[in-house]
Amino acid sequence: MSARTYAYLNYTLAGVILLIFLYAAIFGSNTNYRPIQCVHEELLGKRCPTCGLTDGFSAIIKGRFTDAYIVQPNSMRIFLFLMGMLLLRATALISLKKPCISLKTILRTDVILSLLFFILVFKNMIPQIFYIYYKMLLTGN
């Protein structure tokens with residue numbers, strides 16, 4: 001991977017994260033209208049493990065942390081993960097401008113930190129999600 005491609009990837013990921021936060025700020029708990037609906041809820045008629053994240057993120061952005069936990073208990077954790085990824089993208093872009101740090105070192109550090117942070121944040125949620133879908137496949141509920 002070239003430094004230019006890596007920089008483009010970081011700008012893209014940072015942009016997506018910022019769009020997620022902007023979406024939550026605009027379409028959060030203040031409105032019932034959401035242009036993006038939960039596919040899981042639409043197809044199965046049940047809330048998925050991530051339902052409520054928009055409202056949770058909106059509450060966090062507005063400083064209402066208790067409301068965020070009530071709406072979606074994992075919202076703070078996922079919000080902090082995305083903030084961490086945003087910070088990591090910015091750090092990677094700054095590191096690319098330093099000639100003393102090789103691209104290989106930056107990539108290796110990025111991958112290791114991203115994986116560690118992902119595991120730390122999602123280690124308890126992943127088994128829950130698999131259990132829910134496994135149960136639905138077996139019972140149809």
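1. Helices here are DSSP runs of H or I with at least four residues, numbered from the N terminus. The model is predicted.

2. Helix α3 (residues 53-61) has 7 of its 9 residues buried, so it is largely enclosed by the rest of the structure. The buried residues are L53, D55, G56, F57, S58, A59 and I60. Their cover includes α1 (3-27), α4 (65-71) and α5 (75-96).

3. The structure holds 7 aromatic pairs. One of them, F21 with F79, is tilted, at 4.7 Å centre to centre and 40 degrees between the planes. F21 lies in helix α1 and F79 in helix α5, so this pair ties together parts that are 58 residues apart in sequence. Buried means under 20% relative accessible area; F21 is buried at 9%, and F79 is buried at 11%.

4. F118 and F122 also form a tilted aromatic pair, with 4.7 Å between centres and 35 degrees between the planes. Being 4 residues apart in helix α6, they are separated by about one helical turn. F118 counts as partly exposed, at 35% relative accessibility, whereas F122 counts as buried, at 14%. Both belong to one aromatic cluster, formed by F81, F117, F118 and F122.

5. F118 is also one of the residues of a nonpolar surface patch of about 570 Å², made together with V111, L115, I119, I126 and F130. The elements that give two or more residues to this patch are α6 (103-122) and α7 (125-139). Helix α6 gives the most, with 4 residues; L115 is found in α6.

Methods: Residues are numbered from 1 along each chain as its sequence is written. This is a predicted model: local features need pLDDT of at least 70, side-chain atom pairs count only at pLDDT 80 or more; totals for chains, interfaces and linings use all residues. Side-chain values use heavy atoms; hydrogens and water are left out. Patches are made of residues with over 30% relative accessible area and no salt bridge: like charges are joined within 9 Å, nonpolar side chains (Val, Leu, Ile, Met, Phe, Trp, Tyr) within 5 Å. Accessible areas come from the Shrake-Rupley method with a 1.4 Å probe; for residues, only the protein chains shown count as cover. A salt bridge is a side-chain nitrogen of Lys or Arg within 4 Å of a carboxyl oxygen of Asp or Glu. Buried means under 20% relative accessible area, exposed over 50%, partly exposed in between (1.4 Å probe, protein chains only). Contact means heavy atoms within 4.5 Å. Rings of Phe, Tyr and Trp (its six-membered ring) pair if their centres lie within 6.5 Å; planes under 30 degrees apart count as stacked, over 60 as edge-to-face and the rest as tilted.
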